[in-house]
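Subject: Structure handover and notes

Dear colleague,

Please find the structure below, followed by my notes on what was found in it.

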Amino acid sequence: MMMLRWTAAAALIAGVAGGAVAYGQSAEESLGPKDTGGKKAYLVDEMKQLHSSLKPELSDVHPRVYFTSQELDALRTRAHGDQKEFWQQRLANLRIFKGDPPPPPAEKRRAQNDVAFAIAEAAFVYSIEHDPKVLAGLRRYMDAAVSYKIWGYSWSKPNVDLAAGHLLYAMGLAYDLLYNELTPQERAKYRDCLAEHARPLYDYFAPKPGRTWSYSQNHTFIPIAGLAVASYALYGEVPEAQQWAALSRAIYDRVLKTYSKDGYYFEGFEYWVFATPWIIHYLDALRHATGEDLFDQPGLRQTYLYAAHSLTPGGEMMFDFGDVFEGGVTRSRKGEDYERSHPEGNFESNYNLLYDLAARFHSPEIQGVADWMKSQGHTGQEEWWDLVWRDPSLKSAPMESIPTYHWFRDHDVAYWRSDWGKNATAAAFKSGPAEGHAAADLKKQLPDWHFEQGHAHPDVNSFILWAHGAYLTGDSGYAGVPKTIDHNTLLVDGHGQGTDGVGHDAWAKYDYDRLNQVRIASANFTKNGFTVTGEGAAAYVPALGLKQYKRTFQVTSTGTATVHDEIVADGDHLYTEAVHADGSIDAVAKNRFVLHPVLSSTVKLTATLLAPKDAEGQVKPNIVMGPGIPGSVDKGQLEKRGERIEATTTHPASSTTFEWKLQF
């Protein structure tokens, strides 16, 4: 790849990102609320008008947030009856019995999240079993949460971010379920703790003149889900709880409006796993506590297709568009992310949230995908919810009834595989704007919504290919500073898409109306392969002069893929294309390469650059900046994640054609 040159284009890219920003420096993120200095206070009317009040019959009752005592009795019968085998497995693996909670301040990454999951699980289990040993362990974990003066990280949004949401949910659930078991002193302790932590989170997100919110971003809807659970647990006991519920309902009105219209999740599959359960937790609590059912959302009806098609054959790995683990490191079953994402070698995909959606929509297809994911060895962070979510009377559709291809038309991402077996050939292609096409108009209707697209990558017209049980070529995983060169796509004069290389959000301050012009122009799927054509020129800043970047990607089940690119620009430019391997790459002849995946000594991909004749391919290490600590995600360490081919034209031109042949 060419070194970044300080041309007019480079100056414009820096300007788009907000002035004279050094290469690699972070543009400020606003993952929750952002204060713009305006005069209008948004959400005030929604807080007054939208329904958020506790049902009158629950006003003096505990439990009430997710269950009543009568509903727990029915679940107890199920746990000791037809679900006994499942339930005994849960009892044998309770988190509270696997060690003590971390002592304060417990600021290791995700440590408090894990405490929250332990509390929620144990509280439900105790409500079913009434085992004093469980109650003793639960008290130990709840008291640990009380001892954490800061919920979250002292250096990054203390008490108002993800860990606060996790603990408000768990402590609120536990307070509600244990209410009749607690002494007056214990009730006061846990109630005061919940209120103490709910107040700053409410203040952080509450309406004020000029404030906007990143409704579609998980750092907004996760903490707000926790606030909602706490509000209904304390409703009628803490005066402000009514306002907490009203704010949660107002924000979730926008969360659901801005949520995926086609089921695709723009932050990547890792974040689908991490974030989507919290939308379910909010909707379940709202439905049970208030009687209002907001489940019927187009994206929630279709998200099972995203879950199914995001998985590579065999179900252990995933197509990693966006911020998804550590790329080839994770796929080699190494690194901290693999240990976290695949505890004891099993993918913790949170597939079980699909059971709740299957029950809500009476969908055998959703039920079937959830059962299939479970059959692939998947687990969940909160598997105890299966007892509540899974409707055993609902028929499960076989995976053979689910099409082996899908085009997510709002986000313009297409997936295809030869079959649902572990030995299938599969591929994916992406050529859409980060938050989908519908977001362009919706953003104009919601001036209180600001985009935060840091987990989406500058990867328009990129592709991923899998065959023979291996990841042959594709993306590079979670990046603190994502760059176009990390993907199988194009650079112009060494520059990538959007404002890549300037911070964690490559689309920060990029004209979304312009980005909305990128698209999949056509896609044709058959049993034996698929052909897709994308247009990606609008992903590059106007100063680069790119007028056309038409890529046609074709895959066959017989072991061949082709990439045909037609590139047209104003002025003369040099063009670079990248093709990645998780393992090593051998240059075996001029512009002919053999790519080696990890964990296989026999599988390989042969990549031949047929055109343009003046291009010269070189093998280079694929160096990616990994994510930094929370609050400094763009300040991570440089990591080698496999190798890549960089093929660059040698003579500037206003147009060129790239032609690749991939054999596997």
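Is E535 buried or exposed? E535 is buried, with a relative accessible area of 14%, where buried means under 20% relative accessible area, exposed over 50% and partly exposed in between, with a 1.4 Å probe and protein chains only.

Before going further, please note that this is a predicted model, in which local features need pLDDT of at least 70 and side-chain atom pairs count only at pLDDT 80 or more, while totals for chains, interfaces and linings use all residues. Residues are numbered from 1 along each chain as its sequence is written, and side-chain values use heavy atoms, with hydrogens and water left out.

To stay with E535, this residue lies in strand β10 (residues 529-535); helices (H or I, at least four residues) and strands (E, at least two) are DSSP runs, numbered from the N terminus. Leaving aside neighbours within four places in sequence, E535 is in contact (heavy atoms within 4.5 Å) with S431, N461, Q517, V518, R519, K547, Q548, Y549 and K550. A polar atom of the E535 side chain also lies 2.8 Å from the backbone nitrogen of A537.

Turning to the sheets, five strands make up an open sheet in the order β3-β4-β5-β6-β7, with antiparallel pairing; two strands pair if DSSP finds at least two bridges between them. Because β3 (405-408) and β7 (470-473) stand at the edges with a single partner strand each, one side of each is left without a neighbour in the sheet. From one strand to the next the twist averages 15 degrees, with axes taken as lines fitted to C-alpha atoms and angles running from 0 to 180 degrees between N-to-C directions. Within this sheet, β5 (residues 426-430) and β6 (residues 462-467) are joined by five bridges, and A426 stands opposite W466 in β6.

A second open sheet has four strands in the order β8-β13-β18-β17, again with antiparallel pairing, and its edge strands, β8 (490-492) and β17 (615-625), each pair on one side only. Here the twist averages 30 degrees from one strand to the next. Strands β17 and β18 (residues 638-649) pair over 10 bridges, with K620 opposite R644.

There is also a hairpin formed by β14 and β15, with two residues between them, where N591 in the turn has a positive phi of about 60 degrees. Four bridges join β14 (residues 585-589) to β15 (residues 592-595), and A587 has F593 as its bridge partner. On to β16 (residues 605-611), β15 pairs in the antiparallel sense over four bridges, with L595 opposite L605.

As for the helices, 17 of the 17 residues of α7 are buried, so this helix is largely enclosed by the rest of the structure.

Finally, the whole structure holds 40 aromatic pairs, counted for rings of Phe, Tyr and Trp (its six-membered ring) with centres within 6.5 Å, where planes under 30 degrees apart are stacked, over 60 edge-to-face and the rest tilted. W87 and F124 form an edge-to-face pair, 5.9 Å centre to centre with 85 degrees between the planes. The pair links distant parts of the chain, since W87 belongs to helix α4 (residues 84-91) and F124 to helix α5 (residues 111-129), 37 residues apart. Both W87 and F124 are buried.

Best regards

Note on methods
A polar contact is a pair of N or O atoms within 3.5 Å; within protein, one must be able to donate a hydrogen and the other to accept it, and residues adjacent in sequence count only if both atoms are side-chain atoms.
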